[in-house]
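Please look over the model shown here, starting with the overall fold and then turning to the ligand site.

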Amino acid sequence: MKVRESGMPPQDVWDAFFEVEAILDNLGFDSSVADVVEFGCGYGTFTIPAARRVSGTVHTMDIEPAMLQVAARNAADAGICNIEFTLRDFIAGGTGLPDQSVDFGFLFNILHEREPVLLLEEARRNLRDGGRLGIIHWNCDEKTPRGPPLEIRPGPEQCRSWAIEAGFTSTGESIDLPPWHYGLVVQR
Ligand SMILES: C[S@@+](CC[C@H](N)C(=O)[O-])C[C@H]1O[C@@H](n2cnc3c(N)ncnc32)[C@H](O)[C@@H]1O
């Protein structure tokens, strides 16, 4: 089942909402990372820059064939070969990755899902011991130019509480990711 309120505007509109390299830096996503799982690639906004930084594979998936096609084409145009694109419903069937197979997970702009703890549990299952999960989401501010309705938009404290419920033991402070987002990094 598609995550509620997870449709996308045109790519140029979406990409303009993010300072992608600064966001990855602020999440501590660096070349020490080998393998990654990303829940929902969208246009590959984060997938492709992430793949440039890592020594292993970025495993990404999306429920929309059209999003996967665009993201895969963007990756090919950029000459990136270390991304595994999979057409998959991660709500219905999880990621399909083995236990403890990645160092870093991305739950970006997706935790307004109806059952966020299930997604966090799945991300935790995929992470190696000591692996980290980056969460980013729209600030809970009506001035943001997009984002799910405020009634279903989680803030950093809510995400931290869900992460603990999902079994993460180490949760950091909320990170400001201007202009419109916040981030959180939790560790298995
Ligand atoms: C709001 S977009 C965010 C994309 C990307 N994470 C980013 O921040 O640029 C959410 C993406 O998740 C995908 N998606 C929604 N529900 C999904 C599901 N159940 N399984 C796989 N992908 C899903 C949507 O098709 C969309 O591409």
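The report below covers the basis of the model, the chain as a whole and the surroundings of the ligand.

## Basis

The model is predicted, so local features need pLDDT of at least 70 and side-chain atom pairs count only at pLDDT 80 or more, while totals for chains, interfaces and linings use all residues. Residues are numbered from 1 along each chain as its sequence is written, and side-chain values use heavy atoms, with hydrogens and water left out.

## Overall fold

The protein chain has 7 helices and 8 strands, taken as DSSP runs (H or I of at least four residues for helices, E of at least two for strands). The C-alpha atoms fill a box of roughly 40 × 35 × 30 Å along the principal axes. Because a compact globule of 188 residues would have a radius of gyration near 16 Å, the 15 Å of the protein chain agrees with that expectation; the radius is taken over C-alpha atoms, and the globule rule is 2.2 Å times the number of residues to the power 0.38.

## Ligand contacts

The ligand is surrounded by 22 residues, the closest being Met 1, Val 3, Gly 40, Asp 62 and Asn 109, where a residue is near if one of its heavy atoms lies within 4 Å.

Polar contacts are pairs of N or O atoms within 3.5 Å. An oxygen atom of the ligand is 2.9 Å from a side-chain N or O atom of Trp 14, a ligand nitrogen atom lies 2.8 Å from a polar backbone atom of Gly 40, and a nitrogen atom of the ligand is 2.9 Å from a polar side-chain atom of Asp 89. The protein covers 99% of the 600 Å² of accessible area that the ligand has on its own (Shrake-Rupley method, 1.4 Å probe).

Methods:
Polar contact = N/O pair within 3.5 Å; in protein donor to acceptor, adjacent residues only side chain to side chain.
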